[in-house]
Amino acid sequence: VGTHRDPSSTLVAQRATDRRADLHFELRDHLGQPVSQFGFDGEAWIKSWERFAPGATTGGAGQRRPRMGGLDSAEEADAFFASSPEDPAFAPSVERLRAFLQRVGPDTPIALVTSGGTTAPLERTAVRFVDNFSSGSRGAASAEYLLRAGYAVVFLHREGSLRPFDRKIPDAARWFHDSLVASYDANGIPPPNGLDWHGNSILDMLQTSTANLDRPGVCAESLAGEALRTKIDLGGHFDMINRGTLLATPFTTLFQYLNLLRALCVEMSAVATPERVMVYLAAAVSDFYVPWERLPTHKIQSREAGESGPNNLPGIDATEDGGVVIRLSQTPKMLGHVRSRWCPNAYVVGFKLETDPDILLEKANRSLVKYRMHLVVANEMHRRKDRVALVEPEGRSTWVNRPEDMADIEELMIGELARRHVKFVEESSDGKS
Ligand code: 9Z3
């Protein structure tokens with residue numbers, strides 16, 4: 001058993017790890033008659049096997065090493081970072097942040113805004129991954145209003161999710177397509193007089209822009225028309241870029257996100273008067289993932305018809321019908337480390353998302369207390385664009401509701417948060433003097 005690395009020996013190891021029981025085996029011949037029996041002490045067997053096949057009894061069967069000090073302990077966080085893969089984009093991102101912080105004046109408030117979802121890969125060379133719904137709308141809109149409020153913004157965002165100022169362009173492009181299709185008659189024939197808002201033929205415009213794909217100016221012109229129609233503030237975008245107050249740092253995986261979050265927080269905590277830093281954690285971070293050490297290197301293979309051999313990979317259990325069981329571990333909780341270890345002087349705003357409104361405030365309050373957040377924004381999945389609660393210590397909570405004529409609830413939210421942050425900075429400097 002000890003040297004035979006096939007799925008059945010892995011299964012034995014898993015049982016032993018789970019039950020810590022003595023193991024008894026019985027060998028039978030082809031008629032089912034017992035040939036011999038033998039057994040071991042489970043605990044001793046695991047220890048001896050671990051000596052010559054480290055990790056085999058825990059990693060091999062898709063189990064994770066035992067938790068050391070709880071999900072939010074420093075050991076768990078350190079173990080996560082120690083086993084994360086190298087990311088070639090990491091060092092350049094930190095360098096760009098250093099240069100950005102040097103450019104930002106000593107009195108400018110700074111916000112680190114995290115935005116979008118994270119992917120948890122299922123293979124090291126990831127073909128497949130676990131993802132979530134977040135579009136990045138909250139983070140992108142918040143970054144805009146923070147910039148307008150005078151903040152220098154570091155926008156740590158999921159690559160491909162929405163970005164400040166151009167966040168409505170996908171809508172504009174969809175509008176362009178939809179208005180074209182909407183003008184077709186019942187037979188699907190576009191009317192000759194399908195006009196756009198400038199009196200131009202929509203069809204002509206579309207043809208011009210697709211015929212000139214190699215001349216970006218023409219496409220840009222039609223997109224700019226869309227931008228105007230949907231009130232996209234491209235001018236604001238270019239203004240911020242010129243003034244150098246927006247730094248965008250992309251990530252994709254959970255590993256990249258958490259490594260960058262830690263590094264950016266630590267860098268930002270070293271600025272003069274670090275109380276002027278607001279950390280605004282709007283990204284939807286995956287709660288579950290497969291630890292790097294358990295990920296297969298290459299694409300998980302499906303079984304071809306007629307093949308009997310299942311996937312025989314560590315961490316992946318093949319099922320008899322050709323499926324796989326992938327065990328996800330819980331991501332270590334990092335909020336507490338942001339607050340107490342990585343940037344202890346900053347104003348830290350966490351987020352709590354729930355689908356059940358009955359537990360929302362209670363869960364937000366628990367997160368506030370447990371991770372010592374300064375404020376937690378509580379939002380319910382389907383109403384997140386219309387109302388949020390700002391949950392603060394001593395059971396205070398303030399509902400923010402979006403008026404019908406206001407495009408983004410973030411306009412009000414950021415106003416509220418910026419006011420609280422100013423007070424926090426004043427109180428911190430009073431405390432020092
Ligand atoms: C949020 O709650 C954000 O407001 C949303 C924004 C992700 C809902 P969109 O990107 O959505 O505009 O589509 N972010 C944090 C969600 C989260 O994962 N929070 C954790 C939790 O609830 C704590 S950090 O447990």
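## A tour from the ligand to an aromatic cluster

Start at Arg384: one of its polar side-chain atoms lies 2.8 Å from an oxygen atom of the ligand. Taken alone, the ligand exposes 600 Å², and the protein buries 90% of that. Keep in mind that this is a predicted model.

**Stop 1: the ligand shell.** Stay with the ligand and select Asn379. An N or O atom in the side chain of Asn379 is 2.6 Å from a ligand oxygen atom.

Now show the whole shell. It holds 15 residues, and the closest are Ser134, Arg138, Lys352, Asn379 and Arg384. Colour them by class: seven are nonpolar, five polar and three charged. Which elements each supply at least two residues of this shell? They are α5 (137-148) and β13 (347-354). The largest share, three residues, comes from β13.

**Stop 2: helix α10.** Select residues 254-268. The 15 residues of this helix should span 21 Å at 1.5 Å a residue, and its end C-alpha atoms are 21 Å apart, so the two values agree. Is α10 mostly covered or mostly open? Mostly covered: twelve of its 15 residues are buried. Among them are Leu254, Phe255, Tyr257 and Met268.

**Stop 3: the rings around Phe255.** Show the aromatic side chains. The model has nine aromatic pairs. Begin with Phe80 and Phe255, which are stacked, at 5.6 Å centre to centre with 20° between the planes. Phe80 sits in helix α3 (residues 74-82) and Phe255 in helix α10, so this pair ties together parts 175 residues apart in sequence. Both Phe80 and Phe255 are buried.

Turn to the other partner, Trp292. Trp292 belongs to the loop between β9 (288-289) and β10, while Phe255 is in helix α10, so the pair links parts 37 residues apart in sequence. Trp292 is buried, as is Phe255.

Now widen the selection to Phe80, Phe81, Phe255, Tyr289, Trp292 and Trp342. Ring pairs link these residues into a cluster.

**Stop 4: Asp317.** Finish in strand β10 (residues 316-318), where Asp317 is found. Asp317 counts as partly exposed because its relative accessibility is 31%. Then select Arg327, ten residues from Asp317 along the chain; their C-alpha atoms are separated by 8.6 Å.

Terms used:
Residues are numbered from 1 along each chain as its sequence is written. This is a predicted model: local features need pLDDT of at least 70, side-chain atom pairs count only at pLDDT 80 or more; totals for chains, interfaces and linings use all residues. Side-chain values use heavy atoms; hydrogens and water are left out. Helices (H or I, at least four residues) and strands (E, at least two) are DSSP runs, numbered from the N terminus. Buried means under 20% relative accessible area, exposed over 50%, partly exposed in between (1.4 Å probe, protein chains only). The expected span of a helix is 1.5 Å times one less than its number of residues. A residue is near a molecule or strand if one of its heavy atoms lies within 4 Å of it. A polar contact is a pair of N or O atoms within 3.5 Å; within protein, one must be able to donate a hydrogen and the other to accept it, and residues adjacent in sequence count only if both atoms are side-chain atoms. Accessible areas come from the Shrake-Rupley method with a 1.4 Å probe; for residues, only the protein chains shown count as cover. Ala, Val, Leu, Ile, Met, Phe, Trp, Tyr, Cys and Pro count as nonpolar, Asp, Glu, Lys and Arg as charged, and the others, Gly among them, as polar. Rings of Phe, Tyr and Trp (its six-membered ring) pair if their centres lie within 6.5 Å; planes under 30 degrees apart count as stacked, over 60 as edge-to-face and the rest as tilted.
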